[in-house]
Amino acid sequence: MANYLLVHGAWHGAWCWRHVLPLLRSGGGEAHAVTLTGLGDRAHLAHAGINLDTHIQDVIGVIEAEERNCPTRPAACHVVPLVSFLRSSSTTSLTFFLPK
């Protein structure tokens, strides 16, 4: 079973995945959506210092939290990030931060 993490694009939030999450879950997997710092329901956290690195850390934080919640079967808890960024370099940047 896969454990999906959906990441929105610019000017959105986790809400944009509300129709996709149940479909992924109905296939037997886990599915979660993250709202990036300074956007969506986390807009109140916006400040000039937020950049791509901030958003990468948001995603990594959720992945690490989900994998910590599966201590008995860590291999079954591997998270597959599904990223919807405007720039392709964002997805590439994320892969450099994730452990193999």
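Student: What pattern does the chain follow when read along the sequence?

Tutor: The pattern is β-α-β-α-β-α, made by three helices and three strands. Helices (H or I, at least four residues) and strands (E, at least two) are DSSP runs, numbered from the N terminus. The model is predicted: local features need pLDDT of at least 70, side-chain atom pairs count only at pLDDT 80 or more, and totals for chains, interfaces and linings use all residues. Residues are numbered from 1 along each chain as its sequence is written, and side-chain values use heavy atoms, with hydrogens and water left out.

Student: What makes Thr-35 count as buried?

Tutor: Buried means under 20% relative accessible area, exposed over 50%, and partly exposed in between (1.4 Å probe, protein chains only). Thr-35 has 8% relative accessibility, which is under 20%, so Thr-35 counts as buried. Thr-35 lies in the loop between strand 2 (30-34) and helix 2.

Student: Why is the link between the side chains of Thr-35 and Asp-41 called a polar contact?

Tutor: A polar contact is a pair of N or O atoms within 3.5 Å; within protein, one must be able to donate a hydrogen and the other to accept it, and residues adjacent in sequence count only if both atoms are side-chain atoms. The two side chains make this contact at 3.2 Å, which is within 3.5 Å, so the distance meets the cut-off. The side chain of Thr-35 also reaches the backbone nitrogen of Ala-14 at 2.8 Å.

Student: Why is strand 1 described as largely enclosed by the rest of the structure?

Tutor: Four of the five residues of strand 1 are buried, so the strand is largely enclosed.

Student: How do you know that strand 1 and strand 2 pair?

Tutor: Two strands pair if DSSP finds at least two bridges between them. Leu-6 has Ala-33 as its bridge partner in strand 2.

Student: What makes Leu-5, Val-7, Val-34, Leu-36, Leu-39, Val-59 and Ile-63 a nonpolar core?

Tutor: A nonpolar core is a set of buried Ala, Val, Leu, Ile, Met, Phe, Trp, Tyr and Cys residues joined through side-chain atoms within 4.5 Å. Leu, Val and Ile are on that list, and these seven residues form the largest nonpolar core. Strand 1 (3-7) and helix 2 (52-68) each supply at least two residues of this core. In soluble globular proteins, nonpolar side chains tend to be buried together.
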